[in-house]
Amino acid sequence: GLDLMGRSIVVIVSDHGQAFGEHRDYAGHWGCYDEVTRMVLIVRDPRLGSRAREVRQLVQAIDVMPTILQLVGVPIPASAQGRSLVPLLETGQETDREQVAVSLGIDTQAIRTPHWTMIHRHGSPAKLYDRRSDAQEQRNVIKEHRDVAARLQHWFDQLVSVDGERV
């Protein structure tokens, strides 16, 4: 036979998560809380073996295109914003990947690391959540950690600008 499954790469990806009232948003996907920014990415490549692996490292949607290109042997353009996830797929970890993700919503923006999430909603003060002690992002700790908020804001500004201009 053709052995299509033995020769095919299958990629399933969602564009965003879904809110079900966690932050007073019901059946929406406009905010930048974890339940909305978390997405599904399933990659099956027979060359990577048959063992399923869950990777908990922060990655971004912009990493999907370079990943697919590398898997099919097409050079990744220098202009690509994301990075291939193939090293993560092969080993389950990647030590040189920056542990940060940026989310840009309609009127909301966020930056997250494994430890922190900082969310800005237009017209409202920023909120900072300690993901290690508050995984559901319910307790704003920005007053207790203004230094962390300043560092994350600086990092965010660097990540979302090109030649000093906000994108």
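Predicted model: local features only at pLDDT ≥ 70, side-chain atom pairs only at ≥ 80, totals over all residues.
Local features require pLDDT of at least 70 and side-chain atom pairs pLDDT 80 or more, while totals for chains, interfaces and linings use all residues. Residues are numbered from 1 along each chain as its sequence is written, and side-chain values use heavy atoms, without hydrogens and water.

The protein chain contains five helices and eight strands. These are DSSP runs, numbered from the N terminus (helices: H or I, at least four residues; strands: E, at least two). Their order along the sequence is α-β-α-β-α-α-β-β-β-β-α-β-β. Of the 167 residues in the protein chain, 33% are buried. Buried means under 20% relative accessible area, exposed over 50%, and partly exposed in between (1.4 Å probe, protein chains only).

Helix H5 spans residues 146–159. Its 14 residues reach 20 Å from first C-alpha to last, close to the 20 Å expected at 1.5 Å a residue. The expected span is 1.5 Å times one less than the number of residues. Val148, Ala149, Leu152, Gln153 and Phe156 are the buried residues of H5. They lie on the same side of H5, because they cover an arc of only 135° around the axis. This arc is taken from the directions from the helix axis to the C-beta atoms. An α-helix has 3.6 residues a turn, so residues three or four places apart point the same way. Exposed Asp147 and Arg151 sit on the face of H5 turned away from its buried side.

Four salt bridges were found in the whole structure. The criterion is a side-chain nitrogen of Lys or Arg within 4 Å of a carboxyl oxygen of Asp or Glu. Arg112, Arg131 and Glu137 form a salt-bridge network. Glu137 lies in the loop between strand E6 (127–130) and H5. Glu137 is buried, at 1% relative accessibility. Arg131 is also buried, at 16%, and its salt bridge with Glu137 has an N to O distance of 3.6 Å.

Arg47 pairs with Asp45, with the closest N and O atoms 2.6 Å apart. Arg47 is exposed at 59% relative accessibility, whereas Asp45 is buried at 3%. A further salt bridge joins Glu144 and Arg139 at 3.0 Å. Glu144 is partly exposed, at 46%.

Met5, Val10, Ile12, Val40 and Ile42 make a nonpolar surface patch of about 420 Å². Ile42 belongs to strand E2 (residues 41–44) and is partly exposed, at 45% relative accessibility. Patch residues have over 30% relative accessible area and no salt bridge; like charges are joined within 9 Å, nonpolar side chains (Val, Leu, Ile, Met, Phe, Trp, Tyr) within 5 Å. Accessible areas come from the Shrake-Rupley method with a 1.4 Å probe; for residues, only the protein chains shown count as cover.
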